Amino acid sequence: MADCIFCGIVAGDIPATKVAEDERTVAFMDINPATRGHALVIPKRHATDLLEISPEDLAACAQMAQRVAQKAKDALGADGVNLINSCGPDAWQTVFHFHLHVIPRYKGDPLKLPWVPGPGDMDEIKAAGEALAA
Ligand code: 5GP
Ligand code: ZN
C-alpha cells in the first residue's frame, strides 16, 4: 500500500534490521526499542489493524511472534516477553499496518507499560537483531 512505512519495509524500499521471515510475515527490529531486542512482527499483506487482518495472517503473525519470543530467551537471555498489539489511535496505534510488538523482559528491568517511545542506539539495535536472527 502506497505511503505505508511497513509495506515499504516488506518491499525492501525502507531499510530495516530483519530478524526472520516466512511466506506470510516479516519480523524486524523496532527503531525505538522499549527494551533490548524489541521486535515487530507484521503480515506481508497490508492490513490496517487487528480488526482487518485475515485470520490466516493473524495466525501466522502469532506463530512468528512465538518464534521471536523463544529467540529472545535463547539468544538474548530474556526472562520474559510482552506481546502487545495496539488497535486504533485510542489504543496508541501509530503505524496503521498491523503489527505485534515482541518486547523481551529482563528480571528487574525498569520498563513500565505503555512505554514512551524514544530513539534507540542503531548499533545496539543491529547487534540485538543479529542475535535474534542467528
Ligand atoms: P504502534 O505505536 O503503532 O503500536 O507501534 C509502531 C512502532 O513502529 C513503534 O514502536 C515505532 O517505534 C515503530 N516504527 C515506526 N517507524 C518505524 C520505522 O521506520 N522502522 C522501524 N523499524 N520501526 C518503526
Ligand atoms: Zn502496509
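Analyst: Happy to, and we can take a helix, the ligand, the cysteines and some backbone details in turn. This is a predicted model, where local features need pLDDT of at least 70 and side-chain atom pairs count only at pLDDT 80 or more, while totals for chains, interfaces and linings use all residues. Residues are numbered from 1 along each chain as its sequence is written, chains are lettered from A and ligands numbered from 1 in the order in which they are written, and side-chain values use heavy atoms, with hydrogens and water left out.

User: Great. Which residues of α3 are buried?

Analyst: I125, A128, G129 and L132 are buried in α3. They cover an arc of only 105° around the axis, so they sit on the same side of α3. The arc is taken from the directions from the helix axis to the C-beta atoms. Buried means under 20% relative accessible area, exposed means over 50%, and partly exposed is in between, using a 1.4 Å probe and protein chains only. Helices (H or I, at least four residues) and strands (E, at least two) are DSSP runs, numbered from the N terminus.

User: Why would residues a few places apart point the same way?

Analyst: An α-helix has 3.6 residues a turn, so residues three or four places apart point the same way.

User: What do the buried residues of α3 pack against?

Analyst: They pack against β1 (18-21), β2 (25-29) and α2 (55-76). Take G129 as a case: its relative accessibility is 1%, so G129 counts as buried. Leaving out residues up to four places away in sequence, G129 touches T17, V19 and M29. Contact here means heavy atoms within 4.5 Å. G129 and D30 are 99 residues apart along the chain, yet their C-alpha atoms are separated by 9.6 Å.

User: And what happens at the start of α3?

Analyst: There, a side-chain oxygen of D121 comes within 2.9 Å of the backbone nitrogen of D123. A polar contact is a pair of N or O atoms within 3.5 Å; within protein, one must be able to donate a hydrogen and the other to accept it, and residues adjacent in sequence count only if both atoms are side-chain atoms.

User: Switching topic: which residues come nearest to ligand 1?

Analyst: Among the 16 residues around ligand 1, the nearest are M29, D30, N32, T94 and H101. Near means that a heavy atom of the residue lies within 4 Å of the molecule or strand. A polar backbone atom of M29 is 2.8 Å from a nitrogen atom of ligand 1. In the side chain of N32, an N or O atom is 2.7 Å from an oxygen atom of the ligand. H99 has a polar side-chain atom 2.9 Å from an oxygen atom of ligand 1.

User: How many disulfides are there?

Analyst: The structure holds 0 disulfides, counted as pairs of cysteine sulfur atoms within 2.5 Å. For C87, the closest cysteine sulfur is in C61, 14 Å away, which is too far for a bond.

User: Is C87 buried, exposed or partly exposed, then?

Analyst: C87 is partly exposed, with a relative accessible area of 25%.

User: Last one: where is the cis peptide bond?

Analyst: A cis peptide bond joins L113 and P114, with omega about -5°. P114 is in the loop between β5 (100-105) and α3 (122-133). On backbone angles, W92 has a positive phi near 75° although W92 is a residue other than glycine. W92 lies in the loop between β4 (80-84) and β5, and W92 is exposed, with a relative accessible area of 59%.
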